[in-house]
Amino acid sequence: MLTPTDYQLWSKLYAGKISNNGKWVSYRLHYPYTDTDTLVLQKAEFTKKYLFPHCTTGKFNAELQFACISHDTLYLQNLKTGKTDIVSSTVAFDFSANHKFIVLFVKTSDKKLNLEIRNMAGNQIYQKKEISSYCFDPEQNGLIYTSLEHNLYNTELILFKNEIEKRILTTNHNVPVKKLFWKAGGISFMSHNHGQSCFYYYNVAKAKLNTLDSKSSGFPQGMQITDSPIGNAMHSENGRNVIIWLKEHNDLLQKTDPKKVQIWNTKDKLLFDYRKYLSNPKTSDKMAVWNMQDNTVIQITDRKFSNGFLSTDYNSAFIYDPIAYEPQSKQFCPFDLYIMDLKNGNRKPVIMNYTMDEKPSGSPDGAHLCYAKNGQWWIYSIMEDTHTCLTIDLPNSFFAEDNNRPSENPSYGIGGWTTDGEIILYDKYDLWKISLDGKIKKRLTQGREMQKTFRIKTFNSDPLQSVTESNKNSLDLKKRLLLETSDKETAQTGLGYWSIKSGMKDMVWESKKISQIKKAADKDIYMYVTENFESPPKLMLYDTKPKEIMQSNPQQKYFYWSRNEKIEYISDGIKTKGILFYPSNFKADKKYPMVVHIYERQFSYLNDYVNPSLISDDGFNVHNYTANGYFVLFPDINYEFGNLKKTVTNSVLAAVDTVIAKGLVAPEKVGLIGHSFGGYEVDLIITQTDRFAAAVSGAAITDLISTYLYVGPTFRRPDFFRTENHQLRIGKSLFEDMKSYLENSPVLLASGVNTPLLSWAGAEDRHVNSQQSMEFYLALRRQNKEHILLFYPDEEHGLEQKQNATDLNIRIMEWFNSYLKGANKKEWFSTYYQ
């Protein structure tokens, strides 16, 4: 049987890189118990394998080399000869795009940084000492760096051609330049000396350096170029415009003095806490566009419109005030979106009172904007200043059909813009191709008929793309589209491709979870991970058919292992799903205890593989129970807004009744457990029913009134949204429907609790304030109920310290063993004074 001493054998599999032609792959095995990693380099034909302990990631040089760093040692593996070169004290590396060079940054014994460039033979062909900063070209065509010589700093460029080419950009600076950045054929950086900032842009193709400072003609008054490490410059593809960041002069900024009295005004747009910890968006750094042809600077964002994003052609910006409608109660504030012409600075409104969470999407050609409003998708034409509704006459909804929160239905999303001037939109199942004038609409897949969902998988995401930029990538429908496929009713997943000629064709479709999909750069070869609850993750390679590369956790075959299955039940007239996990050494002639784990909807976890663990930060791992003779149930829960105590209880009891009817579980030996919102559900349920022999609640909300009137640390704004349109699902404010707040607060219903309850919280938890657990403890104490609260010092919403996590997992198991299996009560169950 599986025991906790065996848990350290388990690792987590992470797909790494795949070589250009798909002949080699890398993957990482992470061992949570020891916090160690092993990076594996393997030939796809299984003929060669290399292990690199303590490495997390590496990089291929086509089919020629592979490199990775372990601690401070570089391993350079020759894929042809098998030879491994080792370079100590290496902190970073990269290959050239032409596969001729490797760049190393090596730390010296006196803690200085040297640059080395080597050729394929391993010979050093260039060295530069005392590097202060550097930046690689993301397309691997070069390198920019700053070095110290004779107490002065120089900025130099290396280009990778048949030989390396060196260019000097700036010399004799008293301080090193900052914010080196390379993108779209341009390099930018800045210097800051004696209170004066200077910004540089170098056009690589033209070998031209442009300079900007606050004394330049037309530079915005009262502003200076920021040297903040947050926010890189953005370079236009044509090399004419650069987006820079400005800040107000220090004497214009109002800083919060922690020693002065705090003034909280109900009419303030933002709470004092927000201004104190997250700063005031009105005084944050501002975007500006520098036109290098005219040497003009136009400020884009300001104190009125402090946020914005760009069209891809850099001719327009979309700007808004993120706190325009504050104070208000949603998680994210609605805003009015304006368009700004970056040639002349003119502004005009585009969308008023925009309420969706997702930002509008700019087209790759910079001519259009796609946005969602009032349950429809719209296109805005920048040139024509017109709005066209794309989905008004389509029968299917493009917004969540099963949203179970009292909020605006989120969209299913945008698949992408096509090279032919169309857009791909998602409904619940399918892809729709729609012309931008809304006249031509075509469904590309037929998923709705078989409840199969299709989503486009792309591999051209830009890691350097800023949130203030629009996506420049397009979908070419003349080529095949790779699609991820899934069935939410069965949890099956797969991969397939769609083409104009043949439509949709499945590549892989199975009762497993497919994830971590990667593509070879030069071929249609894909690497991915596949798993289900009973089968440990496998690394797969797909060329013309699936091929297994490696199987993780092969030791599982030596242990009894649980299995799971889908269950269905009716709750409040709604057909609902859940997952039932069997004891590892299940015998049909025996009745078992069962632990019910709750948190909203969990059926999507049906095919998730779970490593056994006693260090889970929420105190629960399914194998701790199935390996010790328990059934475990994950029920999906339905919600009636404002009446959670009824619908949550009904959903869970309906699921339990369905399992009991199988005759496998002892009805009097059922326990209940949940964490966070799941902890709230546990506390609520045990005020409504005595059905459970024991319960465990972690980091739970117990008082909806104090929860509503609380400022959370993540957003530093009132937590009104959590009950009005989020998880707690009241759907109205406290003052519109106080009755529902009172009737769904476990702390006010504590007199109904007869179930022995173990609760726990991190003493420093402020996401769900640990005082919530203390309130419920005091309510149960006052009524002399059976309850123990565990308070973990220096812990927050989950227990990050392994010794605490282990302690919690063991105590929860001991709690259930006592009440569900009749084991002797542990000493810590006793009162302090006993």
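**Exercise 1.** With which residue does Glu-600 form a salt bridge, and how far apart are the closest N and O atoms?

*Solution.* This is a predicted model, in which local features need pLDDT of at least 70, side-chain atom pairs count only at pLDDT 80 or more, and totals for chains, interfaces and linings use all residues. Residues are numbered from 1 along each chain as its sequence is written, and side-chain values use heavy atoms, with hydrogens and water left out.

Step 1. Recall the general point: side chains of opposite charge can pair when their charged atoms come close.

Step 2. Apply the cut-off: a salt bridge is a side-chain nitrogen of Lys or Arg within 4 Å of a carboxyl oxygen of Asp or Glu.

Step 3. The partner of Glu-600 is Arg-729, and the closest N and O atoms are 2.5 Å apart.

Step 4. Glu-600 sits in the loop between strand 48 and helix 2, and Arg-729 in the loop between helix 6 (720-724) and helix 7 (738-743), so the pair ties together parts that are 129 residues apart in sequence. Helices (H or I, at least four residues) and strands (E, at least two) are DSSP runs, numbered from the N terminus.

Step 5. Both Glu-600 and Arg-729 are buried. Buried means under 20% relative accessible area, exposed over 50%, and partly exposed in between (1.4 Å probe, protein chains only).

**Exercise 2.** Describe the salt bridge of Arg-691 with Asp-657, including where its two residues lie.

*Solution.* Step 1. The closest N and O atoms of Arg-691 and Asp-657 are 2.5 Å apart.

Step 1. Arg-691 belongs to the loop between helix 4 (677-685) and strand 51 (694-698), while Asp-657 is in helix 3 (residues 644-660), so the pair ties together parts that are 34 residues apart in sequence.

Step 2. Arg-691 is partly exposed at 28% relative accessibility, and Asp-657 is partly exposed at 38%.

Step 3. Elsewhere, salt bridges that share partners join Lys-128, Glu-149, Glu-156 and Lys-166 into one network. The structure holds 49 salt bridges.

**Exercise 3.** Classify the aromatic pairs Phe-93 with Phe-95 and Phe-620 with Phe-634.

*Solution.* Step 1. Rings of Phe, Tyr and Trp (its six-membered ring) pair if their centres lie within 6.5 Å; planes under 30 degrees apart count as stacked, over 60 as edge-to-face and the rest as tilted. The structure holds 46 aromatic pairs.

Step 1. Phe-93 and Phe-95 lie 6.0 Å centre to centre with 75 degrees between the planes, an edge-to-face pair. Both Phe-93 and Phe-95 are buried.

Step 2. Phe-620 and Phe-634 lie 6.2 Å centre to centre with 50 degrees between the planes, a tilted pair. Phe-620 is in the loop between strand 48 (592-597) and helix 2 (622-626) and Phe-634 in strand 49 (residues 631-635), so the pair ties together parts that are 14 residues apart in sequence.

Step 3. Phe-620 is buried, with a relative accessible area of 9%, and Phe-634 is buried, with 8%.

Step 4. One aromatic cluster consists of Phe-533, Phe-581, Phe-620, Tyr-625, Tyr-630, Phe-634 and Phe-816.

**Exercise 4.** Locate His-54 and Tyr-314, and give the phi value of His-54 and of Tyr-314.

*Solution.* Step 1. His-54 lies in the loop between strand 4 (49-53) and strand 5 (58-61). Its phi is near 65 degrees, a positive value in a residue other than glycine. His-54 is partly exposed, with a relative accessible area of 43%.

Step 1. Tyr-314 is in the loop between strand 26 (307-310) and strand 27. Its phi is positive, about 65 degrees, although Tyr-314 is not a glycine. Tyr-314 is buried, with a relative accessible area of 1%.

**Exercise 5.** Which residues does the cis peptide bond with omega of about -5 degrees join?

*Solution.* Step 1. The bond joins Glu-326 and Pro-327.

Step 1. Pro-327 is placed in the loop between strand 27 (316-320) and strand 28 (335-341).
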